[in-house]
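Hi everyone, thanks for making time this morning. Let me put the model up on the screen, and then we can walk through it together.

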Amino acid sequence: MTNHQNSLILHLTNKLRKLSDKTYLFLASFWTILTLYLSLISARQAAKFNVWDIVGVDKLGHLVFYTIFAFLWCMALARSRTSKKNILIFSISFGVFMEICQLYLFNGRSFELYDILANIMGSFVGVILFKIFIN
């Protein structure tokens, strides 16, 4: 990495650390509700977004959503001594639960193992990013 890239990462890390726990708790809660909503809306409503029309891009979306999900919860609970392992378990469980709900809610959405895999990978990436840049 160049000095400029290192400086940019350090600057971003310092900015992330300055936000309060309450701010991160709000952001994590908001992101959880947004994830819940987007996971459980009907297929017809989801099609209106037209964001994931390209095959495979939806898996990237899952990965990014759960990376942010896990990272925000790590930030929200950083000072509470909550184990990152517990946050990881929560994030993964939430992602699996959302897929199971899609299977049983009859909303036109489908259960996909690859979505679960992308959610799990995103959860790990979020916790790892937290450990690298913040912890």
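What is the volume of the second largest pocket? It comes to about 180 Å³, where a volume is the space filled by probe spheres set on grid points joined across faces, edges and corners. A pocket here is an open set of points on a 1 Å grid over the protein atoms alone, where a 1.4 Å probe fits, with protein on both sides within 12 Å along at least five of seven lines; lining residues have an atom within 4 Å of a point.

Before going further, a word on the model. This is a predicted model, with local features needing pLDDT of at least 70 and side-chain atom pairs counted only at pLDDT 80 or more, while totals for chains, interfaces and linings use all residues. Residues are numbered from 1 along each chain as its sequence is written, and side-chain values use heavy atoms, leaving out hydrogens and water.

Now the overall picture. The protein has six helices and zero strands, taken as DSSP runs numbered from the N terminus (helices are H or I, at least four residues; strands are E, at least two). The C-alpha atoms fill a box of roughly 50 × 35 × 20 Å along the principal axes.

Back to that pocket. Its lining consists of Ile9, Leu12, Thr13, Leu16, Tyr24, Phe71, Leu72, Leu129 and Phe133. Helix α1 (3–18) gives the most, with four residues, and α1, α4 (57–76) and α6 each supply at least two. By class, the lining has eight nonpolar, one polar and no charged residues; Ala, Val, Leu, Ile, Met, Phe, Trp, Tyr, Cys and Pro count as nonpolar, Asp, Glu, Lys and Arg as charged, and the others, Gly among them, as polar.

Next, the helix pairs. How do α2 and α4 cross? Their axes come within 8 Å and cross at roughly 150°; axes are lines fitted to C-alpha atoms over the stretch in contact, and angles run from 0 to 180 degrees between N-to-C directions. These two helices are therefore roughly antiparallel to each other, a label for angles over 145 degrees, just as angles under 35 count as roughly parallel. The crossing of α2 past α4 is left-handed, meaning that the near helix is turned anticlockwise from the far one by less than a right angle; clockwise would be right-handed. The contact (heavy atoms within 4.5 Å) includes Tyr24, Trp31 and Leu38 of α2 and Phe65, Phe69 and Trp73 of α4. Its residues divide into 15 nonpolar, four polar and one charged.

Helix α2 (residues 21–40) also meets α5, with axes within 9 Å and a crossing of roughly 25°. That makes α2 roughly parallel to α5, and the crossing is right-handed. Thr32, Thr35, Leu36, Ser39 and Leu40 of α2 touch Phe94, Met98, Cys101 and Gln102 of α5, and this contact has five nonpolar, four polar and no charged residues.

Last pair: α5 (residues 84–104) and α6 (residues 113–133) pack at about 155°, axes 9 Å apart. That makes α5 roughly antiparallel to α6, and their crossing is right-handed. Among the contact residues are Lys84, Leu88 and Glu99 of α5 and Asp115, Phe124 and Lys131 of α6. The residues of this contact divide into eight nonpolar, four polar and four charged.

Key
Parallel < 35°, antiparallel > 145°, perpendicular 65-115°, else oblique.
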